[in-house]
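User: Can you walk me through this one? Keep it quick.

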Amino acid sequence: MAELQLIVDDVVLKRFPLNKETIFIGRSPNNDIVIDGDSSSSVHARIDLIPSELLEGFTDIFIEDLNSTNGTFVNEKQIKRKQILNFDYIRISYTTFKLISDKTATLARTSVILPE
């Protein structure tokens, strides 16, 4: 099962299992993952777990910024929506998470089609 690890100074402080199809992150207590602090939006980002179309038993994981004030970052690049892969870092305001998953499809971005 995939999880987000809350990271502070390279130490894992807490683990959040990604055990639903949709997970909300933000300051509001109604979120699945609650971030303390005023620099995150009430509902800051959403994570979607989608069964892979290419590999049976694997999951594609996407994160989407929900029009937050301060943005959502994957590996320090601001994103609107992006697929996240094993060991990617997600930053929401001053909070950093690391994705750990043994079931994400990490195929090469380039494909070669061989003739028959």
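Analyst: One term before the rest. Buried means under 20% relative accessible area, exposed means over 50%, and partly exposed is in between, with a 1.4 Å probe and protein chains only. This is a predicted model: local features need pLDDT of at least 70, side-chain atom pairs count only at pLDDT 80 or more, and totals for chains, interfaces and linings use all residues. Residues are numbered from 1 along each chain as its sequence is written, and side-chain values use heavy atoms, with hydrogens and water left out.

User: OK. Tyr 89, is it buried, exposed or partly exposed?

Analyst: Tyr 89 is partly exposed, because its relative accessibility is 34%. Tyr 89 sits in strand S10, residues 89–92. Strands here are DSSP runs (E, at least two residues) and helices are too (H or I, at least four), numbered from the N terminus.

User: How far is Tyr 89 from Val 74 in space?

Analyst: 5.6 Å, C-alpha to C-alpha. In sequence Tyr 89 and Val 74 are 15 residues apart.

User: Switch to the sheet. What is the strand order?

Analyst: S4-S3-S5-S6-S9. That is an open sheet of five strands with mixed pairing. S4 and S9 (81–84) are at the edges with a single partner strand each, so one side of each has no neighbour in the sheet.

User: What counts as a pair of strands?

Analyst: DSSP has to find at least two bridges between them. Strands of a sheet pair through backbone hydrogen bonds, parallel or antiparallel.

User: Which way do S3 and S5 run, and how many bridges join them?

Analyst: Antiparallel, with four bridges between S3 (residues 22–26) and S5 (residues 45–51). Thr 22 has Asp 48 in S5 as its bridge partner.

User: And S3 with S4, parallel or antiparallel?

Analyst: Parallel, over two bridges, with S4 covering residues 33–34. Gly 26 is partnered by Val 34 in S4.

User: How many bridges between S5 and S6?

Analyst: Seven, and the two strands are antiparallel, with S6 at residues 59–65. Leu 49 is opposite Ile 61 in S6.

User: New topic. How many aromatic pairs are there?

Analyst: One, from a search of the whole structure. Phe 16 and Phe 97 have ring centres 6.0 Å apart and planes at 70 degrees, so the pair is edge-to-face. The rule takes rings of Phe, Tyr and Trp (its six-membered ring) with centres within 6.5 Å; planes under 30 degrees apart are stacked, over 60 edge-to-face, the rest tilted.

User: Where do Phe 16 and Phe 97 lie?

Analyst: Phe 16 is in strand S2 and Phe 97 in strand S11 (residues 95–100), so the pair ties together parts 81 residues apart in sequence. Phe 16 is buried at 14% relative accessible area. Phe 97 is buried too, at 1%.

User: Salt bridges next. How many?

Analyst: Seven. A salt bridge here is a side-chain nitrogen of Lys or Arg within 4 Å of a carboxyl oxygen of Asp or Glu.

User: What does Asp 32 pair with?

Analyst: Lys 20, with the closest N and O atoms 2.7 Å apart. Asp 32 is in the loop between S3 and S4, and Lys 20 in the loop between S2 and S3, twelve residues apart. Asp 32 is partly exposed at 35%, and Lys 20 is partly exposed at 39%.

User: What about Arg 91, which residue is its salt-bridge partner?

Analyst: Glu 76, with the closest N and O atoms 3.1 Å apart. Arg 91 is in S10 and Glu 76 in the loop between S7 (72–74) and S8 (77–79), so the pair ties together parts 15 residues apart in sequence. Arg 91 is partly exposed at 21%, whereas Glu 76 is exposed at 54%.

User: Which ring does Arg 91 lie over?

Analyst: Phe 73, at 4.1 Å from the ring centre. The rule wants NZ of Lys or CZ of Arg within 6 Å of the ring centre and within 35 degrees of the ring normal.

User: Last one. Which residue pairs with Arg 81?

Analyst: Glu 64, with the closest N and O atoms 3.4 Å apart. Arg 81 is in S9 and Glu 64 in S6, 17 residues apart. Arg 81 is partly exposed at 39%, while Glu 64 is buried at 17%.
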